[in-house]
Structures are given as C-alpha cells and as structure tokens.
Amino acid sequence: MTITEGKFFFLKSLKSLYNVEEVLHYYKIILNEAFKRNKSQLALYPNSILKKSETIFLEKAVKNLLDQRPIQYIIGKAFFRSLSLIVNENVLIPRQETEELVDWVIEDFRNVSAKKNILDIGTGSGCIAISLAKELKNNMIYALDNDDTIIDLAKQNAKNCNANVNFFKKDINFLNSLNLKINILVSNPPYVLNEEKKSMKLNVLNYEPHKAIFVDNDDPLKYYRLILDYAKLNLENSGLIYFEINPLLLSKLKKLISFYNFKIKHRMDIFGKIRMLRLQK
C-alpha cells in the first residue's frame, strides 16, 4: 500500500462517520506522528510504500476511529500549546480552553521576577504544570493527582519536555493534610454535570476517564470547595487561584466563593462562554 492508497483507504472506510476534512486530518496526523513522515515527504513521495507495520497500524486505526476512539489515544499523544504529551485513557485529553487558562497565568506572571510556589491540582497528563514550568522558569511548580499511574505518565511528559515539576500523589479529599504554602493555585477539576452526558459525543463518553470529567448533580461544586478550603489555610495573602469552570455552574460557584472572601475576575473562552475564574485572597 502506498501513501496515496492509504489515504483513499482511509476516506473509503471512514466517510460514513466523518467528513472528508476530518478524515484527511486524521490521516496526516498518523503519518506525521505515528510514522514520522513529514509534510514534505508526503507531498514529494505520494507513492512511497508503507511498511507492513504501518499498514497494520492504519487498519487498526480505522477500526478505532469507527468505534469513535479519539485520535489522541490512537497515536498515544496530544498537543497542548507547544508541547507534545503522552496520553492514554487514564488521563483527559487536554483542551484548548485549558490552554487559555494557562495563558492567563503566564500573562499575569511572565514579567514577575519574585519566585512563586505554584500548585496544579488534578494534573492528569501534566499539561498545566509542564507549560507553567517551561514558561515561568524562575518559579517552583508542584502538581498532584491521586493515582500512581497518572503521576508516572505526567512525570514522563515532564522529562520528555525538559520541564522541572515536583509531582506527587495526593487525594483531593485529603488536601488539607498537605502542608505546602503556595502563591498561585491552578486547577481544572471535574465539572461536567451528569445531565450533560446526553449532549456529549461518544468519543468522550466511551473513552475519556469519567472521574476527570463528571461530578454528581447533588454536589457539583465539591472539588472547588475542597480546593477553597485548602487555599483558605495555605494560600499566601494576595495569592491567586485560577479555575477552569462549567459556565452552567457560574452563579452557584460565585455564591460559594463569596463565603471565602476572595475577589473574583472572570474570562471568556474562544466560544464566548465564561470558562475561567481568577480569585485573589
């Protein structure tokens, strides 16, 4: 099978579920990222023969895409800002909205020379912590999650990205036992309501870790409350919290925050929804 034949195989196999642009995009991702064939090779040598192992990979990829498995899990990596990160079904695929949250932190502290302690709660792939470590180099970056497998993956991502992050295992339910004074806290906790599942795509529902996405309708602000309790004791005066949030929970979340006497600013995402909050102690 040549590169061109592989492209037509992809188009024929996936046209019932994806549009042409999506199929071609996925095919290029696999060629570039899984097979390490760059764009110039694709253009100059369209009749280059694929290896047997590459053909087998393509056939498996088609089956996975027909099952709506995310392309990031198929190739084992996701892209976040300038980073290439290992991902698997233990961790959430990083989103553009979270890039915007990181942008806000970097925007606020890029020109601040004083060293800060920064904590990322619920690090997953490590995308937030690693980005901050790469771009705010004079600070101490800490990141936690509650699973050894997840921490190991985040550590490998940090190593691959040459980023200095202090990862450790901690259950958010016992956050107050963490004796770490910080200046900046960043978190993208689970915030999607169970009732929103009916409008979500199968590639999310069937593959991404539900514990990193969904919250019980009975207590949807649980993780924000636990983080605020920790911040009340361990965030330095004038310290900042950056939250990614569910716009549907904004009014309830503001009401909760009012009990902690934090000043609130919000920011919209690229879709025009209030997706981020910055709190100052």
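Visitor: Leaving aside neighbours within four places in sequence, which residues is R278 in contact with?

Guide: Happy to start there, and please keep in mind that this is a predicted model. R278 is in contact with W104, D108, L240, I241, Y242, K263, I264 and K265, once its neighbours within four places in sequence are left out.

Visitor: Which strand does R278 lie in?

Guide: R278 is part of strand β11, which covers residues 274-280.

Visitor: And is R278 buried or exposed?

Guide: Buried. The relative accessibility of R278 is 16%, and the cut-off for buried is under 20%, so R278 counts as buried.

Visitor: What does the side chain of R278 make a polar contact with?

Guide: With the side chain of D108, at 2.7 Å. D108 is also one of the residues in the contact list for R278.

Visitor: Let's switch to N164. Where does it lie?

Guide: N164 sits in the loop between α8 (148-160) and β5 (166-169).

Visitor: Buried or exposed, for N164?

Guide: N164 is exposed, because its relative accessible area is 61% and the cut-off for exposed is over 50%.

Visitor: What does N164 touch, not counting residues up to four places away in sequence?

Guide: N164 touches A133 and I141. There is also a distance to A129: N164 and A129 are 35 residues apart in sequence, and their C-alpha atoms are 9.2 Å apart in space.

Visitor: Now helices. At what angle do α1 and α2 pack?

Guide: Helix α1 (residues 3-14) and helix α2 (residues 20-34) pack at about 135°, and their axes are 10 Å apart. The two helices are therefore oblique to each other. The crossing of α1 past α2 is right-handed.

Visitor: Which residues in α1 and α2 meet?

Guide: From α1 there are I3, G6, K7, F10, L11 and L14, and they meet V20, V23, L24, Y26, Y27, I30 and L31 in α2. Sorted by class, this contact has eleven nonpolar residues, one polar and one charged.

Visitor: What about α10 and α11, how do their axes cross?

Guide: The axes of α10 (residues 222-234) and α11 (residues 250-258) cross at roughly 20° and come within 11 Å. That angle makes α10 roughly parallel to α11. Here α10 passes α11 in a right-handed crossing.

Visitor: Which residues meet there?

Guide: Y224, R225 and L228 in α10 meet L253, L256 and I257 in α11. By class, that contact divides into five nonpolar residues, no polar ones and one charged.

Methods. Residues are numbered from 1 along each chain as its sequence is written. This is a predicted model: local features need pLDDT of at least 70, side-chain atom pairs count only at pLDDT 80 or more; totals for chains, interfaces and linings use all residues. Side-chain values use heavy atoms; hydrogens and water are left out. Axes are lines fitted to C-alpha atoms, for helices over the stretch in contact, and angles run from 0 to 180 degrees between N-to-C directions. Helices (H or I, at least four residues) and strands (E, at least two) are DSSP runs, numbered from the N terminus. Angles under 35 degrees count as roughly parallel, over 145 as roughly antiparallel, 65 to 115 as roughly perpendicular and the rest as oblique. A crossing is left-handed if the near helix is turned anticlockwise from the far one by less than a right angle, and right-handed if clockwise. Contact means heavy atoms within 4.5 Å. Ala, Val, Leu, Ile, Met, Phe, Trp, Tyr, Cys and Pro count as nonpolar, Asp, Glu, Lys and Arg as charged, and the others, Gly among them, as polar. Buried means under 20% relative accessible area, exposed over 50%, partly exposed in between (1.4 Å probe, protein chains only). A polar contact is a pair of N or O atoms within 3.5 Å; within protein, one must be able to donate a hydrogen and the other to accept it, and residues adjacent in sequence count only if both atoms are side-chain atoms.
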